[in-house]
Amino acid sequence: SSGINAEYGVTGIHGTYTLTCNDVMEVLRNNATSVLAVLETFVYDPLLNWRLKDPDSEGGAEMNARAMEVLSKVRKKLYGVDDVTDENLGVVEQVQSLIKQATSSENLCQLYTGWCAFW
């Protein structure tokens, strides 16, 4: 939003913030197997209750399926696969796409119930 953009100074999100995001995404991609290995332990952890499951479903199979779905989304993000087009993006292109999604007024207004675009 414009309130957050102003906090990044003169360059806004197109300066140090974008460069840092590029570096972080590069590190995450270089260590994707380690990140995924850590996340996979949560899929099979019997103490973890996946709250994102369908409230009408019962049993562990549905919960595990939901966990695998979430893990698959994370895997795609780590390897730079675009959600919409399923094409592989470079680090810079992926960061630009994520920033575009994060600053989209359409997405922001869905985040906050009382969001007022005119502020």
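This is a predicted model: local features need pLDDT of at least 70, side-chain atom pairs count only at pLDDT 80 or more; totals for chains, interfaces and linings use all residues.
Residues are numbered from 1 along each chain as its sequence is written, and side-chain values use heavy atoms, with hydrogens and water left out.

**Exercise 1.** State which elements make up the protein chain.

Solution. The chain has six helices and zero strands; helices (H or I, at least four residues) and strands (E, at least two) are DSSP runs, numbered from the N terminus. Read from the N terminus on, the order is α-α-α-α-α-α. Of the contacts between residues at least 6 apart in sequence, 54% join residues at least 24 apart. Buried residues account for 21% of the 119 residues, with buried meaning under 20% relative accessible area, exposed over 50% and partly exposed in between (1.4 Å probe, protein chains only).

**Exercise 2.** Check the span of H2 and locate its buried side.

Solution. Step one is the length: the 15 residues of H2, at 1.5 Å a residue, should span 21 Å, and the end C-alpha atoms are 21 Å apart, which agrees. The expected span is 1.5 Å times one less than the number of residues. Step two is burial: Thr18, Asn22, Met25 and Arg29 of H2 are buried. Seen down the axis, these buried residues fall within an arc of 70 degrees, so they line one face of H2; the arc is that of the directions from the helix axis to the C-beta atoms. An α-helix has 3.6 residues a turn, so residues three or four places apart point the same way. Step three is the face turned away from the buried side, which carries the exposed residues Thr16, Leu19, Asp23 and Asn30.

**Exercise 3.** Classify Thr18 and Leu19 as buried or exposed.

Solution. Thr18 lies in H2 and has 16% relative accessibility, so it counts as buried. Leu19 is also in H2, but its relative accessibility of 55% makes it exposed. The C-alpha atoms of Leu19 and Val95 are 9.3 Å apart, although 76 residues separate them along the chain.

**Exercise 4.** Repeat the check of span and burial for H5.

Solution. H5 covers residues 91–103; at 1.5 Å a residue its 13 residues should span 18 Å, and its end C-alpha atoms are 18 Å apart, which agrees. Val91, Gln94, Val95 and Ile99 are buried in H5. They cover an arc of only 130 degrees around the axis, which puts them on the same side of H5.

**Exercise 5.** Describe how H2 and H5 cross.

Solution. The axes of H2 (residues 16–30) and H5 come within 9 Å and cross at roughly 120 degrees. Axes are lines fitted to C-alpha atoms, for helices over the stretch in contact, and angles run from 0 to 180 degrees between N-to-C directions. H2 and H5 are therefore oblique to each other: angles under 35 degrees count as roughly parallel, over 145 as roughly antiparallel, 65 to 115 as roughly perpendicular and the rest as oblique. The residues that make the contact include Tyr17, Cys21 and Met25 of H2 and Val92, Val95 and Leu98 of H5.

Methods: Contact means heavy atoms within 4.5 Å.
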